[in-house]
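Let's take a walk through a protein model together. Have the sequence and the 3D view at hand, and look up each residue as we come to it.

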Amino acid sequence: FMATQDKNSSSPSPSPSLKPNSFPQLRAGLTIGMNLLLLLIGSGTMYGYNALRPVLVQDGAYAELCPVGKYACKDQKLSLNLAETLSFVISDIAYLPCGLFMDMLGMRVVSWFLFVLYAVGFGLMTAASELKIGVLYLSSLLFLGGVPSSAYMLGLGSAKMLWDHRYTHWVSAGVSLCYEVSPMFMYLIQLAVPRYVSFSAIMIAFGVVTSFFCICMGFTHMTLEEARNIDKTHGQMQNKDDSKEVWAHLTHPRYILQAIFLVVVNTKNQFYVATFADQIEYFSTKEEARLSNKLFDIGFFLSPIFATPFVIVFLGRFRNRYDKVFMLLWIMTMCHGLLNTFGKESLSCQLLAMVVFFVLKPLKWAAAAEFLHQPPYSLSMYGRLFGIVSVLCGVGSACIFPLTAMAYRYWNGSFFIPNLILTAVEGGVVIFPIYLYLEHKQKNRDHFREDYVPLNGDIIQTLAHSKTGEKSQLLSAMKQSMDADDQGQTGTCPPPDTCRSNDYEVESDFAAYQQSSEQRHHPMFINKPYRHSWDA
């Protein structure tokens, strides 16, 4: 089950952190660059909706719901809010089919799927602008709602094209940066339409440019076989049918708590974006509301430029301590929620909450992406694991419209109660960073136990494909080998020639399967095994 290297070969062993995976790095750089440009240009319709909504109102979206000659009435606002809510839900749900396509068919297929979404979405928006039909506006936003998630998944997956996986967080942070800066184009549309160009002409231009990038990526992105070869090179080889391993991850508390954490935090963030203008208008004057909305629109796409260097340094510094990463995320989330809820009539508190949100937003998704990039998770299951989390986030987003409607109908436009509910729920997700901290402490305690044996990818695969009796023989032979090693003797290594080094690591003799330091020290123990290594 494992491709081996000739032990008599005189060729030098590759570095544990730099494993040539036969993937051309020029092609990798070109693909990653196009993916980043695609995210930058074509993903702003979601988080840039606050800037796009005035353009849609001016263009006549749902104008038939207002009295003749009047715009921005309550029914029109609610219809546009419903369209935004549905597009948020579609955006989150689209991660799962996109992830399945990535894992089962390869990233090239997803690139062509993305081409269809862009072409149809911008085509329907152009038709809606020309015909002034409300259902076409809604349909176009639903198609474009699936675009950011698919492009985002492709960008995150492309990080594994790099030979040195210690720097995947640079790509993850760059993907988050482009995703967050993309609303800039919606603000530029607001400035240009209809003063310099028509809305339909802008939509045609966006459709042509994004379709071009998708077609190019359809020829340069990773195939399914190339993705599996990368997993093999980095010691994370999986069977073609790895559904049992995926299921073991999905049912593990580590993954479940991460999913709950992201669902709660993401729901509050999306509710904040969808209702920011309405919340500000409730307590401030028209001039203050106009200024706040302009600051929000500009800050939305400028802030990631300043926040991304912090994200890169922070994730690089704590790449082995995700308990600290997610604890900082929780603290920032609570600060934002408390300021937004209890500072509801203070413009200064709302502006401070806006600043916290601008730092929280890129850090949240970059941390979530990197968390699933690290062992024991592999590229061949990355799409499904990330996709299921995002679908659950979409379920959380479904509460945005009911909470908004309740604020208008029962609390006269005040968002204090909805914000209070969401902030209270956010307080409970602190259990996830606490769990990661306890996991880290357990790993440190077990590391110094006399009978501690960490497992690397090769041994996990051996155990996973062995019968019960063979497992016992393998572990017994491994223990004898380690006892002999402690006494300075030469032990007999169990297959596949695995021995323990002096620093209590179990390493493969096959150079192509040497594990990175982070993977070898992951808490997969023989005495207390990580669940999926046995269930598989």
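**Bridges and packed helices**

E226 is partly exposed, because its relative accessible area is 22% (buried means under 20%, exposed over 50% and partly exposed in between, computed with a 1.4 Å probe on protein chains only). Before going further, note that this is a predicted model, in which local features need pLDDT of at least 70 and side-chain atom pairs count only at pLDDT 80 or more, while totals for chains, interfaces and linings use all residues. Residues are numbered from 1 along each chain as its sequence is written, and side-chain values use heavy atoms, with hydrogens and water left out.

What does the side chain of E226 meet in a salt bridge? Its partner is R27, at 3.0 Å from N to O. A salt bridge here is a side-chain nitrogen of Lys or Arg within 4 Å of a carboxyl oxygen of Asp or Glu. E226 sits in helix α11 (residues 224-233) and R27 in helix α1, so the pair ties together parts that are 199 residues apart in sequence. Helices are DSSP runs of H or I with at least four residues, strands are runs of E with at least two, and both are numbered from the N terminus.

The structure holds four salt bridges, and two others are worth a visit. In one of them, the side chains of D103 and R384 meet at 2.7 Å, N to O. This pair links distant parts of the chain, with D103 in helix α5 (residues 95-105) and R384 in helix α17 (residues 379-397), 281 residues apart. D103 counts as buried because its relative accessibility is 6%, and R384 is buried too, with a relative accessible area of 8%. Another bridge joins the side chains of E439 and R254 at 3.1 Å, N to O. Here E439 belongs to helix α20 (residues 431-447) and R254 to helix α13 (residues 253-283), distant parts of the chain that lie 185 residues apart. Both E439 and R254 are buried.

Now to helices that pack together. Two packed helices are described by the angle between their axes and the distance between the axes. Axes are lines fitted to C-alpha atoms, for helices over the stretch in contact, and angles run from 0 to 180 degrees between N-to-C directions. Helix α1 (residues 25-42) packs against helix α10 (residues 199-220) at an angle of about 155°, with the axes 10 Å apart. That makes α1 roughly antiparallel to α10 (angles under 35 degrees count as roughly parallel, over 145 as roughly antiparallel, 65 to 115 as roughly perpendicular and the rest as oblique). Among the residues in this contact are R27, M34 and L38 of α1 and F206, F213 and M217 of α10, where contact means heavy atoms within 4.5 Å.

Compare helix α3 (residues 49-59) and helix α4 (residues 74-93), whose axes come within 11 Å and cross at roughly 135°. That makes α3 oblique to α4. Y49, R53, L56 and V57 in α3 meet Q76, L80, A83 and E84 in α4.

Our last stop is H336, in helix α15 (residues 322-342). Is H336 buried or exposed? H336 counts as buried, because its relative accessibility is 0%. Leaving aside neighbours within four places in sequence, H336 is in contact with K268, Y272, A353, V356 and F357.
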